[in-house]
Amino acid sequence: MAREIRLNAFDMNCVGHQSPGLWAHPRDRSWQYKDLEYWTDLAKILERGKFDGLFIADVLGIYDVYNGTGDAAIRQATQVPVNDPLSLIAPMALVTEHLGFGLTASLSFEHPYPFARRLSTLDHLTRGRIGWNIVTSYLESGARNLGQQAQTEHDARYDYAEEYLEVCYKLWEGSWEEGAVLRDRERRIFSDPSKIHEIRHVGKHFQVPGIHLCEPSPQRTPVLYQAGASSRGKQFAAEQAECVFVAAPSKVLLKKTVADIRRRAAEAGRDPRKILIFNLQTVIVGETDAKAKAKFDDYKSYVSYEGAMALISGWTGIDFSRFQPDEPLKHVHTNAIQSAVEAFSTADPNKVWTPNELALGLASAASVRCSSVARKPSPTCCRSGWKRPTWTVSTWPTR
Ligand SMILES: Cc1cc2nc3c(=O)[nH]c(=O)nc-3n(C[C@H](O)[C@H](O)[C@H](O)COP(=O)(O)O)c2cc1C
């Protein structure tokens, strides 16, 4: 059966998202990230181009693993300066009708009670077009600035995420019954207290006794995205997410990753085909292949080595300043480097990479096309066959 491809654009409320150094290109507009028009223009272009959604990445913290400082990241605008993504969404929703919005928000640094309200508010304002990319965060610098000595241990962050989501589900799905809002002018009753329930959550990490503060929004629970690449991350995604974001450079690796996620979803009792999987792909378009290729070569000449190293060091936790730019990384094939290589190389998976090649691979992990896509927008964004969790007062587990 023919299946429809889904398209998400990928951006971040900063200058240098995934292409370090490209900010210096004369045609670059990313420095205008502070202007609302940059975002409303983008939203309108995406809607006109029949995209399903705009996925907005975010990190809280600075990339300070390379050379043990944040200087390279700061010099090259490697995801710093970075503004908060949340306030971009309402204005973009106002100028579009169908486009969905995938908001990245870390659950490691904010309590679920105010967070659930933030997302319900956005779901109301976008008329049900909001999604949440659930991240557990990977930068130590973020944790330190929020008063933690270090990040919580990797797998424990996902355990924490499970309970976080449970609190959110209770607030979104279980607190306000359908029909709780009466707006009855005659009887002067706006909402019916008998249909609004305290969630009485008592867990290992959170205690939330009260009701959700928002009336039910169009989707209640936003579309749930996840992008964990580790085994525990994929397990969490397979159990919880509707959309999974992966970064596989070749069909072989993509097939392997997708099969793994679908197998885990089936084991968790879900219909594995209902999970939408988005692969990260940079596509450079031009009127002809030759023009697109020329553009690509031009962009590659702007790649910043130190900007790329700051990014890869932050992702992997390995200080790449320990290596010469042309030194083969044959003794450092840890999982972390392997995943960086997998994410940004397009060639032989057994190749031994040098930092230089990684930098270039990162900034130029693109395919060059001169094609157009004809398709209808999806009015339901990315929600597909998702089964609403049945959180009612009587089914809540007691701890
Ligand atoms: C395509 C893609 C996009 C991601 N975007 C973000 C992001 O915007 N913010 C973030 O904190 N993590 C982001 N991540 C990282 C993951 O969500 C996850 O935190 C990270 O991979 C560590 O978890 P893991 O060890 O399970 O892989 C992204 C990962 C992928 C593959």
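Okay, so helix α6 is mostly covered: 15 of its 21 residues are buried. By buried I mean under 20% relative accessible area, with exposed being over 50% and partly exposed in between, using a 1.4 Å probe and protein chains only. The helices here are DSSP runs of H or I with at least four residues, strands are E runs of at least two, and both are numbered from the N terminus. Helix α6 covers residues 154-174, and its end C-alpha atoms sit 30 Å apart, which agrees with the 30 Å it should span at 1.5 Å a residue. That expected span is 1.5 Å times one less than the number of residues in the helix.

Before I go on, a word on the model. It's a predicted one, where local features need pLDDT of at least 70 and side-chain atom pairs count only at pLDDT 80 or more, while totals for chains, interfaces and linings use all residues. Residues are numbered from 1 along each chain as its sequence is written, and side-chain values use heavy atoms, with hydrogens and water left out.

Now the whole protein. We've got 12 helices and 13 strands, and of the 399 residues, 49% are buried. The accessible surface is about 20100 Å², with 53% of that belonging to carbon and sulfur atoms. Those areas come from the Shrake-Rupley method with a 1.4 Å probe, and for residues only the protein chains shown count as cover. If you take contacts between residues at least 6 apart in sequence, 76% of them join residues at least 24 apart. A contact, by the way, means heavy atoms within 4.5 Å.

So, what surrounds the ligand? There are 14 residues around it, and the closest are Asp58, His154, Tyr158, Ala229 and Ser230. A residue counts as near if one of its heavy atoms lies within 4 Å. By class, that shell has 8 nonpolar, 5 polar and 1 charged residues. Nonpolar here is Ala, Val, Leu, Ile, Met, Phe, Trp, Tyr, Cys and Pro; charged is Asp, Glu, Lys and Arg; the others, Gly among them, are polar.

Let's look at the individual pairs. The side chain of His154 has an N or O atom 2.5 Å from an oxygen atom of the ligand. For Tyr158, a polar side-chain atom is 2.6 Å from a ligand oxygen, and for Ser230 a polar side-chain atom is 2.5 Å from a ligand oxygen. On its own the ligand has 610 Å² of accessible area, and the protein covers 84% of that.

Next, helix α1, residues 36-48. With 13 residues, α1 reaches 18 Å from its first C-alpha to its last, close to the 18 Å expected. Which residues of α1 are buried? They are Tyr38, Trp39, Thr40, Leu42, Ala43, Leu46 and Glu47. What covers them includes β1 (8-12), β2 (53-57) and α3. After α1 comes Lys50, with a positive phi near 65 degrees.

There are other positive phi values to point at. Arg188, in the loop between β5 (181-184) and β6 (189-191), has a phi near 55 degrees. Arg220, in the loop between β8 (207-208) and β9 (223-226), has a phi near 60 degrees. Buried or exposed? Arg188 is exposed at 75% relative accessible area, whereas Arg220 is buried at 8%.

While we're on arginines, have a look at Arg264 in helix α8, residues 251-267. Arg264 counts as buried because its relative accessible area is 10%. Leaving aside neighbours within four places in sequence, Arg264 is in contact with Ser231, Lys234, Gln235 and Ala238.

Then there's Pro81, in the loop between α2 (71-76) and α3 (89-94). A cis peptide bond joins Val80 and Pro81, with omega about 0 degrees. Pro81 is partly exposed, at 42% relative accessibility. Its contacts beyond four places in sequence are Asn13, Cys14, Val15 and Tyr33. Asn13 is 68 residues away along the chain, yet the C-alpha atoms of Pro81 and Asn13 are separated by 8.8 Å.

Last one: Tyr113, in helix α4, residues 112-125. At 30% relative accessibility, Tyr113 is partly exposed too. Not counting residues up to four places away, Tyr113 touches Leu171, Val208, Ile211 and Leu213.

How values were computed:
A polar contact is a pair of N or O atoms within 3.5 Å; within protein, one must be able to donate a hydrogen and the other to accept it, and residues adjacent in sequence count only if both atoms are side-chain atoms.
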